[in-house]
Amino acid sequence: MHELGLCASIVDAVATRAGERSVGRVRVQVGALHHVHPEAFEQSFEVAAAGSVAEGASAELVLLPVTFRCDTCGADGQSMEQPSACPSCGSVDIELTGGDELVLELLEYRA
Ligand SMILES: [Zn+2]
């Protein structure tokens with residue numbers, strides 16, 4: 001389950017930012033190229049956060065689409081799957097412009 005490795009990185013980032021403070025909630029933006037399943041994400045976060053400042057925190061996953069630009073016709077597009085060809089002209093000469101994000105969007109501390 002690769003979500004665990006991803007969540008371990010997120011917990012590291014959370015711990016770095018939180019210091020000694022206890023974390024109640026996090027929201028993370030993850031690009032679709034990471035192929036994260038929301039259910040697996042939740043479970044993995046719980047496991048990865050155990051024993052850290054984020055233990056017991058609720059984790060919210062925001063999935064971002066893959067964005068791309070066609071080098072042949074210049075069309076921009078987005079999709080939740082990695083595109084294999086341009087939907088406008090069928091060219092395979094497309095460049096991915098986003099979808100591999102991993103951003104800690106929100107961090108809330110416990111009172
Ligand atoms: Zn095209």
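Reader: Start with the helices: which way does H1 cross H2, left-handed or right-handed?
Author: Helices here are DSSP runs of H or I with at least four residues, strands are runs of E with at least two, and both are numbered from the N terminus. A crossing is left-handed if the near helix is turned anticlockwise from the far one by less than a right angle, and right-handed if clockwise. For H1 passing H2, the crossing is right-handed.

Reader: Before we go on, what sort of model is this?
Author: Residues are numbered from 1 along each chain as its sequence is written. Side-chain values use heavy atoms, without hydrogens or water, and local features need pLDDT of at least 70, side-chain atom pairs pLDDT 80 or more, while totals for chains, interfaces and linings use all residues, because the model is predicted.

Reader: At what angle do H1 and H2 pack, and what is that arrangement called?
Author: Axes are lines fitted to C-alpha atoms, for helices over the stretch in contact, with angles from 0 to 180 degrees between N-to-C directions. H1 (residues 3-18) and H2 (residues 38-49) have axes 8 Å apart and pack at about 50°. Under 35 degrees counts as roughly parallel, over 145 as roughly antiparallel, 65 to 115 as roughly perpendicular and the rest as oblique. So H1 is, relative to H2, oblique.

Reader: Is Phe 45 buried or exposed?
Author: Phe 45 sits in helix H2. Leaving aside neighbours within four places in sequence, its contacts (heavy atoms within 4.5 Å) include Cys 7, Ile 10 and Val 11. Buried means under 20% relative accessible area, exposed over 50% and partly exposed in between, with a 1.4 Å probe and protein chains only. At 2% relative accessibility, Phe 45 is therefore buried.

Reader: And what about Ala 40, buried or exposed?
Author: Ala 40 is in helix H2 too, and is one of the H2 residues that meet H1. Its relative accessible area is 12%, so Ala 40 counts as buried.

Reader: Which residues does Leu 106 touch beyond its sequence neighbours?
Author: Leu 106 is found in strand E6 (residues 102-109). With a relative accessible area of 22%, Leu 106 is partly exposed. Leaving aside neighbours within four places in sequence, Leu 106 is in contact with Arg 25, Val 26 and Arg 27.

Reader: What is the phi of His 35?
Author: His 35 lies in the loop between strand E1 (23-31) and H2, and is partly exposed at 45% relative accessibility. Most residues other than glycine have a negative phi. His 35 has a positive one, near 50°.

Reader: Now the metal: what is the arrangement of donor atoms around the zinc ion?
Author: Donors are N, O and S atoms within 2.8 Å of the metal (3.2 Å for Na, K and Ca), and sites may look incomplete because water is not among the atoms. The zinc ion is coordinated at 2.3 Å by the SG atoms of Cys 70, Cys 73, Cys 86 and Cys 89. Four donors count as tetrahedral if all angles lie between 85 and 135 degrees. Here the angles are 107 to 112°, so the arrangement is tetrahedral.

Reader: How are those donor residues spaced in sequence?
Author: Among them, Cys 86 is buried at 4% relative accessible area, whereas Cys 89 is partly exposed at 40%. The spacing of the donor residues is C-x2-C-x12-C-x2-C.

Notes: Four donors count as tetrahedral if all angles lie between 85 and 135 degrees; four count as square planar and six as octahedral if opposite donors are over 155 degrees apart and all others between 65 and 115; anything else is irregular. Contact means heavy atoms within 4.5 Å.
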